[in-house]
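Subject: Structure for you to look through

Dear colleague,

Please find the structure below, followed by some notes on what turned up in it.

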Amino acid sequence: MPTLTTHSELIDHCNTVMNTVPQIPIIMVGAAGTGKTYLATHGMRDIWAAANNVQPEEVAVLIERCADRDAAEFAGLMMPAKDENGEVVTKSIKPDLVRKIEALRAQGYNYILLVLDEICQADSSVQKTLSSVLDRRDNTLGGHDLGAGIFVTGTGNRLKDKSGAQNILAHLKNRVLFFEMEGYSDHTVGIWIRDFAEPNSLNLLIIDCARENANELFDDTPPSNGDPMMTFRSATNVSALLTTYQEQSGNSEISASMERLIAAAVGDRAASIIADYCEDVALGVPTRNEILTDPEGANVPDATGSQNAAGTLALSIATDSASIDAAIKYIVRLRPDLQVQLGARLLGKANRLGACMITATASNFIKNNTDLIELAGELGVSI
């Protein structure tokens, strides 16, 4: 069995590995959609930068997909050529990966994080070709030296994930550190919420549903009935669907039709859990009419997910200057982080509608939160 590890543990391992000489490559495998590539391109990049005393933006991230390539593309085609004595010999054309590395160096990058994505899905001939890349004492590809400043990592799925993966060849495992990422649990879901879902402003109903149902909601392996999987990746898709649905319908509960739409992304079982959670959260959420007619008196629920649902409902009523001002009066009564997220989205909606926010409440909100609204835009909140 490969060593089981969490994202946090792997980051700790990287702090050691990236400061050794040579830096032994890391291959991590696990269920689809669990954030392996995201971990490589974000957490590992920061550590590789720190190990070399440079800023993260000075490290180039080069993602090379292995699943849809053949060995010749990696090693370079063999072509006839004449050597210095005029003899006809065969030489390999410079591989595309080598050209990409040289292009990055020409742009001024001295440090590169090379991600061999889906390496477990690569056929054995590709894996054999990449053995000289994974052997950091060799550091070549098709006979071409890759140069200094490269850290190599690989990602892939397991045989049981039904993603076309196969066993990594034994002599490759002998060159790397091989980890199987821990499955979904309270711990791993909590890390995902902290490091990805919250910084990227995913719908709070999805965040809270995941937090409270971590062990039941997600699929470690593909469902036996052929349903789609509930993973971190598909949860992100459901977040976008749910936010749009709430804004369009003004409904914090999930209709039967919407539940079927969610099921198309994550399967019937997970969709049912999400729908049930949204139904529970809807308790205490005021109606659209209550927010529109009495935004300063309409009920503000205690739970974060319920507040998010109520705030999203407030967004849905905003169609002109009067309703936009009612929405902002309600939104400023929510918890501070929701005020900024939802307020920024309301400003964007007002701009698209060509409507003015005319009340003192709106003016004060904009004045007091200018920097945070700009930050919300940088983090991906649609404004």
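Helix H2 supplies six residues to the lining of the largest pocket, which is the largest share; helices (H or I, at least four residues) and strands (E, at least two) are DSSP runs, numbered from the N terminus. A pocket is found on a 1 Å grid over the protein atoms alone, as an open set of points where a 1.4 Å probe fits, with protein on both sides within 12 Å along at least five of seven lines, and lining residues have an atom within 4 Å of a point. The lining holds 28 residues, of which Thr 34, Gly 35, Lys 36, Tyr 38 and Leu 39 lie nearest the centre of the pocket. The volume is about 610 Å³, taken as the space filled by probe spheres set on the points, which are joined across faces, edges and corners.

Please keep in mind that this is a predicted model, in which local features need pLDDT of at least 70 and side-chain atom pairs count only at pLDDT 80 or more, while totals for chains, interfaces and linings use all residues. Residues are numbered from 1 along each chain as its sequence is written, and side-chain values use heavy atoms, with hydrogens and water left out.

Because Tyr 38 lies in helix H2 and Phe 196 in helix H8, the pair ties together parts that are 158 residues apart in sequence. Tyr 38 is partly exposed at 30% relative accessible area, whereas Phe 196 is buried at 18% (buried means under 20%, exposed over 50%, partly exposed in between, with a 1.4 Å probe and protein chains only). Another pair, Tyr 184 and Phe 218, is stacked, with 4.6 Å from centre to centre and 15 degrees between the planes.

Two points concern the backbone. The peptide bond from Val 21 to Pro 22 is cis, with omega near -5 degrees, although most peptide bonds are trans. Asn 53 and Asn 139 each have a positive phi of about 60 degrees, yet Asn 53 is exposed at 74% and Asn 139 is buried at 10%.

Best wishes

How values were computed: Rings of Phe, Tyr and Trp (its six-membered ring) pair if their centres lie within 6.5 Å; planes under 30 degrees apart count as stacked, over 60 as edge-to-face and the rest as tilted.
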